[in-house]
Amino acid sequence: MTTVPNVVVQNSDIEDSTFFNALRQQEYPQLDANHQVYLDYTGGNQYSSTQIKTHFARLQGAVFGNPHSLNPASAVSTKMVEDARKKILEFFNADNYYCIFTSNATGALKIVGECYPFEENGRFVLLADNHNSVNGIREYCHSKGGSFAYSPIHFEDLELDAGVLQKLLEDDTPYRHKLFAFPAQSNVSGVRHHLKWIQTAQALGWDVLLDAAAFVPTTQLNLQEVTPDFVSVSFYKIFGYPTGIGCLLVRKDKFHLLHKRWFAGGTVTAVSIFSPHHFLAGNHERFEDGTVNYLDIPAVTTGLEFIEGIGMDRIHLRMENLMHYLIPRLTALQHSNGRELLHIFGPRNRAACGGTIVLNIFDIHGNQYPFEHIEQDASKMGISIRSGCFCNPGIDETNNCLTAEELSRYYSSRDNGDFRDMMQYLGKMRGAIRISVGIPTTQSDLDTCIRFISNYIDKEVMA
Ligand SMILES: Cc1ncc(COP(=O)(O)O)c(C=O)c1O
């Protein structure tokens, strides 16, 4: 467990900064040592020194072998992998779930896509605000003969349209299996979509896939309070190290729904080649193809302990305090002619949002800066922000008022293309800039970011 650092640093405007500034110095020295202002926590979190030291001491202190054998090296790995699994289930209060290790949230979502029984008159409903790793499930659904529909989000505030969603969920067509997918928190706007939709959808006969990848880094997910059928998570988004490990949490009573179409090493209890039969494992092992990442999985235990050492409620409050500091200062920025310097997409009242904002910057005449331009300028100052569409085309198409007709015209006019080509064809902008905060973020990081954006005051976009 990490200890709370006992270092007094200068007071700042942001509540609880003494603790978090000290934590930054003690646990995240890589940021200041490299003169980095890192503001892409929704992309990936930073790892603490404690995590790295603890994990490397673990590796140096034992002999690890391929798990699931009786030899001592194997037994060490098996125990540590199972300890991590247990820790994850405890962390999410998920006693009645299986925890399937995957390489990331995408790997978790792919299992659902591949194995959910869409073929028997299946239906897939998803929010327009989804990561492409959820959007892509529609291709499994479609290719198996199922149908899908998007529930829109409002242009004004990027919140879901409750009326349309309710209607889609109340659809009384006799679908055999129906899956509803939504992100607990948007990876672009930071909007947290209400978790009550899990229960609403389930009461109407839907299975629910909750993509929790952007939610769980700053908010506790308690799977006794809400009980989605499937949950996807990437651990590097919560605590930075290790990358390459995620999980799919599957409610035990819904495990039978996922139809695995092949078998592989580690997923079976018996296989014959003389007689073409096999028995699949009856738990998480069924979906863990081949050898799990047994050297990195134990670092998940350390990461979760580190987070527990700080406390998720404290992390959540810190994120809110950082956003309370940042947003009014950004929105106050104007050109001298009174035009807005930037526009933050999403709700004005951000009480139900996480630590992520998406925005565009405009010049003195109201012309939007291309997002690549902003990211390049920021990079020159050692500021890591993200730009583009963030693998979430629904938000970008909504923000840029693209219509289904014009998008369909574009896609049917060529065999391949990209956003640049699309912007030229449609004569519309695409993309935005995303800023996100995390455990090591300080007021100084935010001040640097605000100063950077202020540099565009009274400037013109160069042709
Ligand atoms: C909400 C959401 N879902 C899914 C993903 C995909 O995660 P990964 O790339 O780790 O598989 C991300 C990544 O940014 C995300 O934010």
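A residue counts as buried if 20 or more other C-beta atoms lie within 10 Å of its own, with C-beta atoms placed from the backbone. In this predicted model, 43% of the 463 residues of the protein are buried in that sense, and strand β12 (residues 356-361) has six of its six residues among them.

**Overall fold**
- The secondary structure of the protein amounts to 17 helices and 15 strands.
- Because the radius of gyration is 23 Å, close to the 23 Å that the globule rule gives for 463 residues, the protein is as compact as a globular protein of that length.
- Taken along the principal axes, the box filled by the C-alpha atoms is roughly 80 × 60 × 40 Å.
- Among contacts with a separation of 6 or more, 69% are between residues 24 or more positions apart.

- Since six of the six residues of β12 are buried, the strand is largely enclosed by the rest of the structure.
- In a regular strand the side chains alternate between the two faces of the sheet.
- In β12, T356, V358 and N360 point one way while I357, L359 and I361 point the other way, and all are buried.
- Strand β11 (residues 342-344) runs antiparallel to β12 and is joined to it by three bridges, with I344 having L359 as its bridge partner in β12.
- Strand β15 (residues 432-436) is also antiparallel to β12, through four bridges, and here the bridge partner of L359 is I433.

**Ligand surroundings**
- The residues surrounding the ligand are N104, A105, T106, H131, S133, P183, N187, D211, A213, A214 and S234.
- This shell divides into four nonpolar residues, six polar residues and one charged residue.

Terms used. Residues are numbered from 1 along each chain as its sequence is written. This is a predicted model: local features need pLDDT of at least 70, side-chain atom pairs count only at pLDDT 80 or more; totals for chains, interfaces and linings use all residues. A residue is near a molecule or strand if its C-beta atom, placed from the backbone, lies within 6 Å of it. Ala, Val, Leu, Ile, Met, Phe, Trp, Tyr, Cys and Pro count as nonpolar, Asp, Glu, Lys and Arg as charged, and the others, Gly among them, as polar. Helices (H or I, at least four residues) and strands (E, at least two) are DSSP runs, numbered from the N terminus. The radius of gyration is taken over C-alpha atoms; the globule rule is 2.2 Å times the number of residues to the power 0.38. A residue is buried if 20 or more other C-beta atoms lie within 10 Å of its own, exposed if 12 or fewer, and partly exposed in between; C-beta atoms are placed from the backbone. Two residues are in contact if their C-beta atoms, placed from the backbone, lie within 7 Å. Two strands pair if DSSP finds at least two bridges between them.
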